[in-house]
Amino acid sequence: MVVEQQRQTPATREVVCTHCERKIEIPATAMSVSCRHCHRRVIIEDLEIKTYHAVLRVATAGKVDVQKKGTLVADVRVNELAVEGNLKGNVVALDRVAVGKKASIEGDVSCRTLTVEPGAKLNGHFRVDPEFVPPPAASRESADDETA
Ligand SMILES: [Zn+2]
């Protein structure tokens with residue numbers, strides 16, 4: 001028997017909402033969607049940090065790539081993180097974190113899988129668990145309380 005219905009690339013993919021931490025299915029090419037659980041806008045864009053970049057929080061359901069000459073100072077909430085440069089802040093990555101040999105991370109990191117090249121500098125508490133599910137971000141939403 002031949003199964004002919006399978007496509008090579010799925011038209012949708014699954015990401016986790018950066019606000020309510022719940023899973024949403026999105027079109028594979030979408031750059032942002034409205035979460036069907038909390039109805040807030042979720043950014044899916046991939047970010048490349050090439051220079052000094054300091055903000056309070058970076059949240060995307062895509063990937064953040066801190067390049068060799070890049071410094072990111074922020075709390076980071078991503079699906080996937082790659083660091084070749086410097087990162088200062090706490091990281092929650094839904095999937096994987098890859099740390100290059102010249103990279104340095106100062107802050108706590110939670111992720112599902114971690115790869116670290118020899119030479120990388122890590123200073124913080126690491127929690128690596130393939131079953132990792134981030135705690136729901138409920139309390140910080142009390143300012144604009146919606147009862148949706
Ligand atoms: Zn949501």
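**Notebook: confidence, core, loop**

I began with pLDDT, the predictor's confidence in each residue, from 0 to 100. The protein averages 87, and 84% of the residues score at least 70. This is a predicted model, so I took local features only at pLDDT of at least 70 and side-chain atom pairs only at 80 or more, while totals for chains, interfaces and linings use all residues. I number residues from 1 along each chain as its sequence is written.

A contact means C-beta atoms, placed from the backbone, within 7 Å. Where pLDDT is low, the predicted coordinates should not be read in detail.

I found 30 residues in it; Val 64, Val 76, Leu 81, Val 83, Val 91, Ala 93 and Val 97 touch the most other members. Strand 8 gives the most, four residues. Strands are DSSP runs of E, at least two residues, numbered from the N terminus. Domain 1 (12-42) and domain 2 (46-128) each supply at least three residues; the bounds come from an automatic or database domain assignment.

I followed Ala 93. Not counting residues up to four places away in sequence, Ala 93 touches Val 78, Asn 79, Glu 80, Leu 81 and Cys 111.

Last, Arg 22: buried or exposed? Arg 22 counts as exposed because it has 12 C-beta neighbours inside 10 Å. The cut-offs are 20 or more other C-beta atoms within 10 Å for buried, 12 or fewer for exposed, and partly exposed in between. Arg 22 sits in the loop between strand 1 and strand 2 (23-27). His 37 is 15 residues away in sequence, yet 7.3 Å away C-alpha to C-alpha.

Technical notes: Core = buried A, V, L, I, M, F, W, Y, C linked by C-beta atoms within 7 Å. Contact = placed C-beta atoms within 7 Å.
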